[in-house]
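Colleague: Please take one part of this model and go through it closely. I would like to hear about the charged pairs and what surrounds them, with the cut-offs stated.

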Amino acid sequence: MADTITIRSDAETEHAVDVLTRDGGSRSAAIRQAVLEAAQRRERAAAMRRAALRLPLGEPDGIDVAAEISRERGEERP
């Protein structure tokens, strides 16, 4: 048996539920699907962050980015 969850909705949430139920689906099904999709997006984002942190950084290229920006800004001034 599934647990019951109660939420307080506001105008923005009610609009979102209205959009999700335009196809005739129930509010409960729409909210359940939205929660599952939000969790999947969050898990994918976390997995992508972990994968990005595991990427090798490579060798330094010897460029001092701060010095380059400063030099370029100096050239822009009249």
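Modeller: Start with R27, which is partly exposed at a relative accessible area of 42%. In these terms, buried is under 20%, exposed is over 50%, and partly exposed lies in between, with a 1.4 Å probe and protein chains only. Bear in mind that this is a predicted model, where local features need pLDDT of at least 70, side-chain atom pairs count only at pLDDT 80 or more, and totals for chains, interfaces and linings use all residues. Numbering runs from 1 along each chain as its sequence is written, and side-chain values use heavy atoms, with hydrogens and water left out.

The R27 side chain forms a salt bridge with that of E14, at 3.1 Å from N to O. E14 sits in helix 1 (residues 11-20) and R27 in helix 2 (residues 27-54), so this pair, 13 residues apart, links distant parts of the chain. Helices here are DSSP runs of H or I with at least four residues, numbered from the N terminus; strands are runs of E with at least two. A salt bridge needs a side-chain nitrogen of Lys or Arg within 4 Å of a carboxyl oxygen of Asp or Glu. E14 is partly exposed too, at 27% relative accessibility.

Now look at the loop between helix 1 and helix 2, where T21 is placed. T21 counts as buried, at 18% relative accessibility. A polar atom of the T21 side chain lies 2.9 Å from the backbone oxygen of V17. That is a polar contact: a pair of N or O atoms within 3.5 Å, where within protein one must be able to donate a hydrogen and the other to accept it, and residues adjacent in sequence count only if both atoms are side-chain atoms.

By the salt-bridge rule, the count comes to two. The other pair is R71 with E68, whose closest N and O atoms are 2.7 Å apart. Both residues belong to helix 3, three residues apart, which means about one helical turn between R71 and E68. R71 is partly exposed at 40% relative accessibility. E68 is partly exposed as well, with a relative accessible area of 32%.

Helix 3 covers residues 65-76, twelve in number. From first C-alpha to last, helix 3 reaches 17 Å, close to the expected 16 Å. The expected span is 1.5 Å times one less than the number of residues. At the start of helix 3, D64 brings a side-chain oxygen to within 3.2 Å of the backbone nitrogen of A66.
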